[in-house]
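This briefing sets out how the secondary-structure elements of a two-chain model are arranged and where they meet. Please read it alongside the sequence and the coordinates.

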Amino acid sequence: MSTDNQSTTDADADPGSDPETEFDAAELQALRERVDELEESIADVDTGDDQKKMTIVATQGSFDMAYPPLILGSTAAAFGWDVVVFHTFWGLDILHEEKSKNLKLSAVGNPNMPVPNAVAAIPGMDRMATRMMEKKIDENGTATIEELIELSLDQGVDLQACQMTIELMEYDEDDFYDGVTTGVGAATALQHMAESDIQLLV
Amino acid sequence: MSSEYDTTETLDVKGQSCPMPIVKTKQAIDDLDAGDVLEVVATDSGSMSDIQGWADGTDGVELLDQVEDGDLYTHHVKKTE
């Protein structure tokens, strides 16, 4: 009880006499300006957060593996997200205007195929499996790869073709759909990934 | 299916599957004005969950209702801003 009284008395005794709690007008003004600055930068961060970003790295060029990045990319664009799909190695064939129309489903090593590998390896099996899948896709009302590419580009999805792979595969920049971004590499992809809320490797 | 909403435009995506109903809904909404209501008629059962998810995650749109009638899924989406 007596201790409480003592501390109250102490606090009452010298309020403001501590030199550290005294500010002159210039210091106060500087502090106010700093608070204003910080408030503004916080407001900027808040508005920047609304725009979600997604980066997909597409490395596969088989018929079935072309679909997931295109479907997710075009749907994310419908959400108003900023979307980059970076195509490298076989993934480049998805953006290749001619090759994209002839992507194949692999029958060999595909456990979902109704035939054993020994049969799947017979020449022509890949073509047959692809044709069956194309027929199913048509019957189901699922878009073609070409339609999804056009749709993605229309919606502002940035479809990027890895420059190193273009040269490795001896492709020409004119081989790709109009609107495809060329002249980009791993550093560009990493930069987008670092800024993205979602990063996927397909 | 008749609607209690004053529909500005109807989007027919019957026979089309994911992601078309969503992507075309978004494109149709872009062409409308604030306050307009878009009716989307789909046969894709996934459109029930997808359009709801899209509307929840997208600014400036409000999902008014979703009606399942046999094989038809009808959605009403309002452009709010």
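Over all chains, the count of salt bridges comes to seven. The model is a predicted one, and every value below is computed from it.

**An ion pair in chain A**

- K53(A) and E195(A) form a salt bridge in which the closest N and O atoms are 3.2 Å apart.
- Because K53(A) belongs to strand 1 of chain A and E195(A) to helix 8 (residues 186-195) of chain A, the pair ties together parts that are 142 residues apart in sequence.
- In general, side chains of opposite charge can pair when their charged atoms come close.

**The sheet of chain A**

- Chain A holds an open sheet of five strands, arranged in the order 4-3-2-1-5 with parallel pairing; its edges are strand 4 (181-184) and strand 5 (198-201) of chain A, each of which pairs on one side only.
- On average, and with direction ignored, neighbouring strands of this sheet are turned by 25° against each other.
- Helix 3 (residues 63-78) of chain A packs on this sheet, where it touches strand 1 (53-58), strand 2 (82-87) and strand 5 of chain A, and its direction makes about 165° with that of strand 1 of chain A.
- Strand 3 (residues 158-162) of chain A runs parallel to strand 4 of chain A and is joined to it by two bridges; within this pairing, C162(A) has V184(A) in strand 4 of chain A as its bridge partner.

**Where helix 3 of chain A meets chain B**

- The axes of helix 3 of chain A and helix 1 (residues 20-30) of chain B come within 9 Å and cross at roughly 30°, which means that the two helices are roughly parallel.
- The crossing of helix 3 of chain A past helix 1 of chain B is left-handed.
- Helix 3 of chain A contributes S74(A), T75(A), A77(A) and A78(A) to the contact, while helix 1 of chain B contributes I22(B), V23(B) and K26(B); by class, these comprise four nonpolar, two polar and one charged residues.

**The sheet of chain B**

- Four strands of chain B form an open sheet in the order 1-2-4-3, with mixed pairing.
- Strand 1 (9-13) and strand 3 (61-69) of chain B are at the edges with a single partner strand each, so one side of each is left without a neighbour in the sheet.
- Neighbouring strands of this sheet are turned by 20° against each other on average, direction ignored.
- Six bridges pair strand 2 (residues 37-42) of chain B with strand 4 (residues 72-79) of chain B in the antiparallel sense, and E39(B) stands opposite H76(B) in strand 4 of chain B.

**The helices of chain B**

- Helix 1 of chain B lies across strand 1, strand 2, strand 3 and strand 4 of chain B, running at about 160° to strand 1 of chain B.
- Helix 2 of chain B also packs on the sheet, touching strand 2, strand 3 and strand 4 of chain B, and its direction makes about 170° with that of strand 3 of chain B.
- The axes of helix 1 and helix 2 (residues 47-56) of chain B come within 10 Å and cross at roughly 40°; the two helices are therefore oblique to each other, and the crossing is right-handed.
- In their contact, P21(B), I22(B), T25(B), K26(B) and I29(B) of helix 1 of chain B meet S47(B), D50(B), I51(B) and W54(B) of helix 2 of chain B, a set that divides into five nonpolar, two polar and two charged residues.

Methods
Residues are numbered from 1 along each chain as its sequence is written. Chains are lettered from A and ligands numbered from 1 in the order in which they are written. This is a predicted model: local features need pLDDT of at least 70, side-chain atom pairs count only at pLDDT 80 or more; totals for chains, interfaces and linings use all residues. Side-chain values use heavy atoms; hydrogens and water are left out. Two strands pair if DSSP finds at least two bridges between them. Axes are lines fitted to C-alpha atoms, for helices over the stretch in contact, and angles run from 0 to 180 degrees between N-to-C directions. Contact means heavy atoms within 4.5 Å. Angles under 35 degrees count as roughly parallel, over 145 as roughly antiparallel, 65 to 115 as roughly perpendicular and the rest as oblique. A crossing is left-handed if the near helix is turned anticlockwise from the far one by less than a right angle, and right-handed if clockwise. Ala, Val, Leu, Ile, Met, Phe, Trp, Tyr, Cys and Pro count as nonpolar, Asp, Glu, Lys and Arg as charged, and the others, Gly among them, as polar. A salt bridge is a side-chain nitrogen of Lys or Arg within 4 Å of a carboxyl oxygen of Asp or Glu.
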